[in-house]
Amino acid sequence: MAVVLKGLVVDFGGVLTDRGGASSGRPPLVDAVLAARAAGIRTALLSNADGPGAPVPWLDELFDVVVFSGEVGIAKPDVAVYQLTVRRLGLPPEQCVFVDDLLGNVRGAVAAGLVGVHHTAVATTLAELRVLLGLVTLGGEDFA
């Protein structure tokens, strides 16, 4: 029996912002996070930014947990920041997948016990997440 993960942790810049070549509309991975959350997957944003800057009202719509390195004093790829994030999600690391466009950050997540996905293209990331999260659809279907 396949293990289906229960948590999705994503980076912001380079992942959520990747439009996959589309010039308009919402980035496909935003739709993927929304679809995962609607399916009962716990979601988290993990960013090395200082904080959100101006209030971002849609963060609550997308994420159960938001972790900014500048606010917690630990940055990716330090194993401790991934451990903090999954603890806040209420899940063990082995039940979570982490997506980032920087390979070093993915390696840090894997060292912390998470499943890592190195984001290089929208279509491949969506395909990997569908399998790992056990979902037939995951938003961004135009990129599949």
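Reader: Why is the link between Arg26 and Asp31 called a salt bridge?

Author: A salt bridge is a side-chain nitrogen of Lys or Arg within 4 Å of a carboxyl oxygen of Asp or Glu. The closest N and O atoms of Arg26 and Asp31 are 2.8 Å apart, which is within that limit, so the pair counts. The structure holds 5 salt bridges. This is a predicted model, in which local features need pLDDT of at least 70 and side-chain atom pairs count only at pLDDT 80 or more, while totals for chains, interfaces and linings use all residues. Residues are numbered from 1 along each chain as its sequence is written, and side-chain values use heavy atoms, with hydrogens and water left out.

Reader: What makes Asp31 partly exposed?

Author: A residue is buried under 20% relative accessible area, exposed over 50% and partly exposed in between, with a 1.4 Å probe and protein chains only. Asp31 has 24% relative accessibility, and therefore belongs to the partly exposed group.

Reader: Which arginine forms a salt bridge with Asp64 at 3.5 Å?

Author: It is Arg42, whose closest N to O approach to Asp64 is 3.5 Å. This pair too links distant parts of the chain, with Arg42 in strand 2 (residues 42-47) and Asp64 in the loop between helix 3 and strand 3, 22 residues apart. Arg42 has a relative accessible area of 30%, and is therefore partly exposed. Elsewhere, Asp11, Lys76 and Asp100 are linked in a network of salt bridges.

Reader: Why are strand 1 and strand 2 said to pair?

Author: Two strands pair if DSSP finds at least two bridges between them. Strand 1 and strand 2 are joined by 4 bridges, run parallel, and therefore meet the condition. Strand 1 is also joined to strand 4 by 4 bridges, again in parallel, with Val9 opposite Phe98. From strand 1, Gly7 and Val9 point one way and Leu8 and Val10 the other, and all are buried.

Reader: What makes a β-α-β unit right-handed, and which elements form one here?

Author: A crossover is right-handed if, with the strands pointing away from the viewer, the path from the first strand over the helix to the second runs clockwise. Strand 4, helix 6 (residues 103-111) and strand 5 make such a unit.

Reader: What is meant by a nonpolar core, and which residues have the most contacts inside the largest one?

Author: A nonpolar core is a set of buried Ala, Val, Leu, Ile, Met, Phe, Trp, Tyr and Cys residues joined through side-chain atoms within 4.5 Å. The largest has 26 residues, and those with the most contacts inside it are Leu8, Val10, Leu16, Phe63, Leu129 and Leu133. Helix 2 gives the most to this core, with 6 residues. A second, separate core of 16 residues includes Leu46, Val67, Leu84 and Ala112.

Reader: Which residues of helix 5 are buried?

Author: In helix 5 (residues 79-89), Val81, Tyr82, Leu84, Thr85, Val86 and Leu89 are buried, and the elements against which the buried residues pack include strand 1, strand 2 and helix 6. Gly90, with a positive phi near 80°, follows helix 5.

Technical notes
Helix = DSSP H or I, 4+ residues; strand = E, 2+ residues; numbered from the N terminus. Contact = heavy atoms within 4.5 Å.
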